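Below is a short report on selected parts of one protein model. Look at the structure first, then read on.

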Amino acid sequence: MNLPNKQLLTPPHLSDAQLVAYLDGELPRSEVDAARSHVGGCWSCRSRAVEVQAGIDNFLRARAELMPDDSVLAESRVEQFRQRLARHAMAADAEHPPLGERIEQWGGRFRGQVAALLQQRQVVVASAVVVCLLVLMFTDSLNTRVSADTVLVRAENYETSRLPAAGKVARTSVRVERLDHKNNVEKQLGTLTLVRDSVSSFVYLSAQSVSGQVETATVKDAKQVAIPLLHVLLSDGSVASAMVQYLTSKQWVPDVSVAEFRQLAGWGIGGQAFARRQGGTFELHYPFAPNHPSGIAETLLRVNAGDYSLTSLSIFTSGDDSEYRFTRTSFSPEPRTSEMARLFAPGEPSKASSSPSRTLPELKRLVPLSYANSHASEAEVSVAEALHRVDACLGEEIYLFPMSDGSLLVQGLVDSGARRDIIRRALKSVAGPLRIEVYVPRELKSGSELYPSPDPSVPESSSGGGSPSATLADLSGATMPLHETLYAHFYKPGSSTEDVNKQVALFSNEIVTLARQTFLHAWAVKRLDREFSPERTSGLPASVLQKIDGMRRDHDRWISTITHRQTDMLSPIAGTDIAAGVAQAIADRGSSDALLRLAQEQNDLVRSLFTTSQRTPETAASLTRLMVVLRHLGS
């Protein structure tokens with residue numbers, strides 16, 4: 001008979017946050033009755049509630065005695081505070097009452113209650129509540145919902161601060177792509193480059209489609225060439241025609257800027273605009289009215305939460321569930337060389353092919369740095385940790401490159417779009433200059449688009465056993481060296497040959513898969529030691545070094561867990577004689593090099609025993625050696 005779970009019979013105690021929310025009237029309606037019932041019947045929670053109310057009551061009395069007269073406070077500060085409250089109220093969820101009402105409710109409840117605390121506790125509680133109130137009222141960073149206007153203003157200030165100084169130009173590069181979310185397909189449409197001058201009021205623009213169509217111009221107002229730019233970048237037949245017609249009629253410039261986003265938002269507001277924080281990014285959503293003639297459902301601006309730099313602008317269409325994403329790939333100042341100065345000579349918009357003197361000088365090419373020629377940064381460790389959390393360090397061709405301009409690049413190849421989305425979501429929380437170039441096989445014509453590993457000395461994961469299909473044991477048991485031993489182990493009187501062979505195949509497949517996983521974790525430890533060597537991590541804070549050690553410990557735990565599972569599976573097969581013979585063969589795994597060699601050896605031994613092979617090993621000796629290696633790895 002199964003006994004009931006005591007935890008299900010006794011409701012859990014309210015947490016401190018739930019208790020304060022209950023007293024404050026802020027619990028969701030669905031939780032209020034349960035909380036009231038629990039507090040009524042739980043002596044512990046009821047005592048804590050009385051204590052909290054008494055503490056706040058004492059704080060209010062102390063505040064009334066210590067606070068100066070209202071006349072002392074400057075009128076401007078009061079007005080600023082009221083404006084802040086109004087902004088918070090607009091951004092808050094509809095189910096939460098305004099902050100002003102909450103403060104009045106607090107005061108009304110607490111003034112009607114009388115309790116006493118020791119003199120020492122009064123000071124502590126009052127101080128703690130003061131700090132909490134100040135944080136609640138004056139700190140924006142604790143809220144995932146923020147004011148869209150606030151973010152836009154700060155992003156605009158960032159853009160203004162990056163205007164080209166004297167003797168400089170500002171170059172912006174934008175990648176344009178279409179994302180078909182219904183079919184999970186991405187398609188590149190083209191690129192746009194804008195160069196703004198510090199001397200004249202001219203701006204140089206160059207748009208190029210993936211088909212090779214080019215449009216360049218030097219103008220005072222980019223809207224003069226908005227239509228030809230849009231025709232180049234959105235000329236692909238898959239692009240929604242209604243959206244293109246609407247954007248061209250409004251002369252919208254496909255630039256990632258606050259001004260262009262405001263223009264988009266001003267045309268189609270159909271509901272309350274809002275912003276929210278997703279990891280290291282602010283997302284500003286502006287919905288269009290239903291059935292808008294443009295076919296646009298929503299526009300979205302992504303802003304880096306660290307420095308308020310713009311990262312991308314998206315237009316979502318309602319008809320085909322598509323996203324047209326304009327991603328800023330670079331935004332940097334450059335010297336105003338003589339070549340650059342020639343771009344800003346007055347002239348009519350013209351095709352690039354007919355105006356060779358207006359060709360934009362190439363950017364200094366960014367190059368990836370090897371680990372030997374670079375120093376690890378805190379951002380690099382954060383990216384590595386994000387990849388570690390989604391197991392992108394286990395055998396996939398995903399590499400983290402420090403770049404020549406100080407930025408980071410995550411580049412590689414995965415087997416599906418779904419896997420790529422998992423990696424992208426994991427990296428959303430990482431702040432700083434980071435580019436992500438993760439491809440699926442169909443997007444690469446050859447391997448030339450991918451950089452070689454930043455550390456060629458680290459062995460490739462493929463050396464651990466070939467293609468992914470090789471991780472499964474061959475079902476042709478006739479040539480598997482341990483087939484007869486396994487068959488005898490699983491055979492029971494009355495069992496059919498087919499059923500026993502299925503058990504043999506399942507057992508062999510699991511052993512081969514576990515061996516492969518052990519190798520991949522050992523290979524990941526080796527990569528960590530090379531990427532974050534003492535030379536590369538010197539000078540990093542202790543907290544960052546702890547993150548690296550944490551990733552190493554994760555891999556060590558997995559290796560130990562997996563090898564113990566292998567040992568438990570193989571011990572009955574090996575027999576008591578072999579198991580006893582290796583019981584004393586336990587030694588420390590040593591360095592990551594020794595760990596990798598052992599993991600490679602156990603993987604090779606497992607494959608030689610549990611998959612088909614041209615040469616038949618000495619099964620007893622190989623099985624004994626395998627048990628010894630597993631003991632080493634599990635130590």
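## A helix

Helix H19 spans residues 592-610, 19 residues in total, and reaches 27 Å from its first C-alpha to its last. That is close to the 27 Å expected at 1.5 Å a residue, where the expected span is 1.5 Å times one less than the number of residues. Helices (H or I, at least four residues) and strands (E, at least two) are DSSP runs, numbered from the N terminus. Of the 19 residues in H19, 14 are buried (under 20% relative accessible area; exposed is over 50%, partly exposed in between, with a 1.4 Å probe and protein chains only).

## About the model

This is a predicted model: local features need pLDDT of at least 70, side-chain atom pairs count only at pLDDT 80 or more, and totals for chains, interfaces and linings use all residues. Residues are numbered from 1 along each chain as its sequence is written, and side-chain values use heavy atoms, with hydrogens and water left out.

## Nonpolar cores

A nonpolar core is a set of buried Ala, Val, Leu, Ile, Met, Phe, Trp, Tyr and Cys residues joined through side-chain atoms within 4.5 Å. The largest one has 49 residues, and Phe-326 is among the members that touch the most others. Helix H9 (residues 226-233) supplies the largest share of this core, 5 residues. Apart from it lies another core of 39 residues, including Leu-596 and Val-629.

## Two loop residues

Asn-291 is not a glycine, yet its phi is positive, about 55°. Asn-291 sits in the loop between strands E7 (281-287) and E8 (296-304), and is exposed at 80% relative accessible area.
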